[in-house]
Amino acid sequence: MNRSASLHATSPASRWWARIVPLLALLSLAPACGPDAPEAEPAGEAGEVPASLQVSHAVLQEIALRSVDASQVSANADVLLDEIGARISALPSGEVAEAFVEERLESYGVPRVQREPFELLAWDRREASLEIVSGEEEGDDAPSLNILSLGHVGSHVVEASVVDAGFGTAEEIEALGGEVEGAIVLADVGQPSGYGRGVHRTEKITLATEAGAAGFIQLNTQEGPRIPVGVATMGDESTEIPAVAADRATGEHLRAVLEQDGELVVRLHVENWMERSTASNIIGEIPGETDEVVLVGAHLDSWDLATGALDNGSGTLAVLDMARTLAAHVERTGQTPRRTIRFAFWMGEELGLYGSIAHVDGLSETSELDRYAAILNLDVVGAPTGLGAMGRPEAAPLLSAVREALVAVDFELDPEHPVGGGIYSDHQPFLLEGIPVVTLQSRQRPEASGVMHTMDDVRDVLDERGIARSAAVSAALLWALAMEESLPMARWGTDETGERLEELGVRDPLERAGNWRW
C-alpha cells in the first residue's frame with residue numbers, strides 16, 4: 001500500500017472540512033488581516049478573532065486542515081530516508097540532502113531559496129576497539145566488548161586503568177579525586193535520579209578531561225546491542241582524549257571485572273578522519289511586509305549508523321511540509337505575511353550546532369539579528385501535544401488562542417504552555433541572544449524510545465501521521481506569529497538574557513562549554 005495514501009486515508013481532515021468551508025466563504029468577502037482590518041464581532045464560534053490574535057480562528061483552521069489533507073511527509077520520507085539515508089555534514093550524503101531540500105522548497109513555490117555556506121571540522125568514523133589487558137583471568141568466557149567512537153575524536157591508542165564515575169557528573173568526578181588522573185573513565189548515559197537537570201555527554205567528557213583522564217567510555221543503560229553515539233565536544237576542535245560509547249553488556253562486564261578484582265587495565269584504540277571543510281544551510285523565505293522575521297528550523301544532518309529518521313528526519317519532514325503549506329496559502333489567498341517567514345534546514349548540528357551558530361554569528365555582525373521576532377526549532381517530532389515558549393510566560397495568551405482554534409478541529413493539544421527549556425539543539429544560539437523561542441511538544445511512538453544516535457533510528461519507528469499533524473499545528477502557529485501586529489514576547493537585553501538562562505538551569509553546562517558570557 002502506498003504510504004502517502006495510507007496517511008491521507010487515516011487523516012481526520014476530511015471529516016472537518018465541511019465545518020470550515022462556510023467560514024472560508026465568509027473570509028473571502030472580508031479584507032485581509034492587518035492594522036486596518038475591522039474588529040470581529042464576538043460570535044463565540046470558530047471564526048471569532050480572540051483578543052490576543054488578529055488572524056481569525058478560521059484562517060488558522062484552514063491552514064492546519066489543508067496541511068494535513070495534502071501532506072507530503074511520507075512522500076518526502078521516501079527520498080530523504082529511503083534513498084538518501086544518513087546525512088553527514090560535508091560528506092557526499094550531506095550534499096545530496098542539501099540539494100534535495102533546495103529542490104523541494106523551489107518546487108513548493110517558496111519565493112526565495114538560498115544556500116548559506118559555513119566552515120566546520122568535518123568528521124567520519126573509521127575504527128574503534130577495546131581490549132582488556134589485565135584484571136581478567138585466563139580462560140574467562142568474556143563477552144565481546146562493543147564500542148563506537150564518539151564524534152570529533154581523532155586517532156588515539158591508550159592503555160590505562162579504569163575508574164567508575166557513575167554518571168560522570170561534576171560531583172562524582174570530584175569525589176574520585178586523584179583516581180581520575182591518567183585513567184579511563186566509565187560513565188553511564190544520563191544523570192542520577194533527582195539530579196535536577198540533564199547532563200550532556202560533552203559536559204562529562206570535559207569534566208573528565210579537566211581532571212586529567214586518559215580516556216572516556218560512555219555506557220548505555222538500555223538492554224540490547226544499541227550504542228548511542230554523539231559528538232564529544234561542542235567546541236570547534238577535536239577532543240584531547242579518546243572518547244567512545246559502549247553497549248550495556250560491555251559496561252556491565254567492565255564493571256563486574258573491576259568490582260571483582262579491584263583493578264582493570266584496558267587498551268583503547270580509535271582511528272577517525274577529520275578535516276576542515278564546508279557545508280551549507282538551506283534557507284527558504286516568504287517575504288513579509290515589514291523587516292521583522294519569524295523562523296522555523298530543523299537540522300538536516302544526522303549520525304551515520306542508520307538513516308537518522310527520528311533525529312532529525314522527523315523535524316526536516318515537518319518543516320518541509322510547513323513550507324509547502326504556507327507557500328500554498330500565500331499563493332491561494334494573495335495574502336502577504338506581516339513578518340517574513342523563514343524556513344531553515346541546518347547542517348552541522350550533530351557536530352556542534354555549526355549551521356545555526358554560523359547563521360546567528362553572521363546576523364550579529366549587522367543589525368539583522370534585531371529583526372528576529374521569534375523562532376521555532378523542530379528537533380525530533382512525533383504527534384503534537386502542546387505549545388510552549390522557553391522562559392516566556394507572557395506568550396501564553398497567544399499560544400492559548402492558537403490552541404483554541406486548533407482543538408476546535410480535532411487537534412488534541414494540552415491547555416498548559418510550558419516555559420522550561422534546555423540547550424544542545426539549534427535554538428541554542430538564538431536563545432543565547434535573547435531571541436524568543438517558541439516550542440512544539442510532541443509524543444513519539446513507543447518503538448522510538450532510545451533509538452536516537454543508534455543503529456535503530458530508522459523509518460519504522462516514525463509516526464508519519466503524527467509528524468504531518470505537528471507540521472500542521474506548527475504552520476498555524478507560525479502564521480499567527482507572522483501576522484500579529486505586536487507579539488507579547490520581546491528580545492531580552494544582555495543582562496536579562498543571563499538571568500533568564502540561569503532560571504532555565506543551563507548556566508553550568510554553558511560554562512563548561514565556554515559559552516557563558518554573563
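Visitor: Hi! Which residues does S474 touch, not counting residues up to four places away in sequence?

Guide: S474 touches M322, L376, L378 and L440. Contact here means heavy atoms within 4.5 Å. A word on the source: this is a predicted model, where local features need pLDDT of at least 70, side-chain atom pairs count only at pLDDT 80 or more, and totals for chains, interfaces and linings use all residues. Residues are numbered from 1 along each chain as its sequence is written, and side-chain values use heavy atoms, with hydrogens and water left out.

Visitor: Is S474 buried or exposed?

Guide: S474 counts as buried because its relative accessibility is 1%. Buried means under 20% relative accessible area, exposed means over 50%, and partly exposed is in between (1.4 Å probe, protein chains only).

Visitor: And where does S474 lie?

Guide: S474 lies in helix α13, residues 464-483. Helices (H or I, at least four residues) and strands (E, at least two) are DSSP runs, numbered from the N terminus.

Visitor: How many helices and strands does the chain come to?

Guide: The chain has 15 helices and twelve strands. Of its 518 residues, 56% count as buried.

Visitor: Which residues touch the most other members in the largest nonpolar core?

Guide: Those are F343, F411 and L481, in a core of 160 residues. Helix α13 gives the most to this core, with 14 residues. A nonpolar core is a set of buried Ala, Val, Leu, Ile, Met, Phe, Trp, Tyr and Cys residues joined through side-chain atoms within 4.5 Å.

Visitor: What is F411 in contact with, leaving aside neighbours within four places in sequence?

Guide: F411 is in contact with A64, L65, V68, L406, R469, A472 and V473.

Visitor: New topic! How many salt bridges does the count come to?

Guide: The count is 34 salt bridges. A salt bridge is a side-chain nitrogen of Lys or Arg within 4 Å of a carboxyl oxygen of Asp or Glu. Side chains of opposite charge can pair when their charged atoms come close.

Visitor: Which residue meets D82 in a salt bridge?

Guide: That is R459, with 2.5 Å from N to O. D82 lies in helix α4 (residues 73-84) and R459 in the loop between β12 (437-443) and α13, so the pair ties together parts that are 377 residues apart in sequence. R459 is buried, with a relative accessible area of 6%.

Visitor: What about R115, which residue does it form a salt bridge with?

Guide: R115 pairs with E102, and the closest N and O atoms are 3.0 Å apart. R115 is in strand β1 (residues 112-134) and E102 in helix α5 (residues 92-107), 13 residues apart. R115 is partly exposed at a relative accessible area of 36%, while E102 is buried at 18%.

Visitor: And which residue forms a salt bridge with E223?

Guide: R248 does, with the closest N and O atoms 3.6 Å apart. E223 sits in the loop between β5 (215-219) and β6 (243-246), and R248 in helix α8 (residues 248-261). E223 counts as exposed at 61% relative accessibility, and R248 is partly exposed at 26%. Elsewhere, salt bridges that share partners join R112, E285, R342, E368 and R371 into one network.

Visitor: Where is the place of D426?

Guide: D426 is in the loop between α11 (396-407) and α12 (428-431), and counts as buried at 1% relative accessibility. D426 and H299 are 127 residues apart in sequence and 7.3 Å apart in space, C-alpha to C-alpha.

Visitor: Which side chain does a polar contact of 2.5 Å join to that of D426?

Guide: The side chain of S356. A polar contact is a pair of N or O atoms within 3.5 Å; within protein, one must be able to donate a hydrogen and the other to accept it, and residues adjacent in sequence count only if both atoms are side-chain atoms.

Visitor: Last one, about strands: why is β11 largely enclosed by the rest of the structure?

Guide: Because six of the seven residues of strand β11 (residues 383-389) are buried. Strands β11 and β12 run antiparallel and are joined by six bridges, with P384 having S442 in β12 as its bridge partner. Two strands pair if DSSP finds at least two bridges between them.
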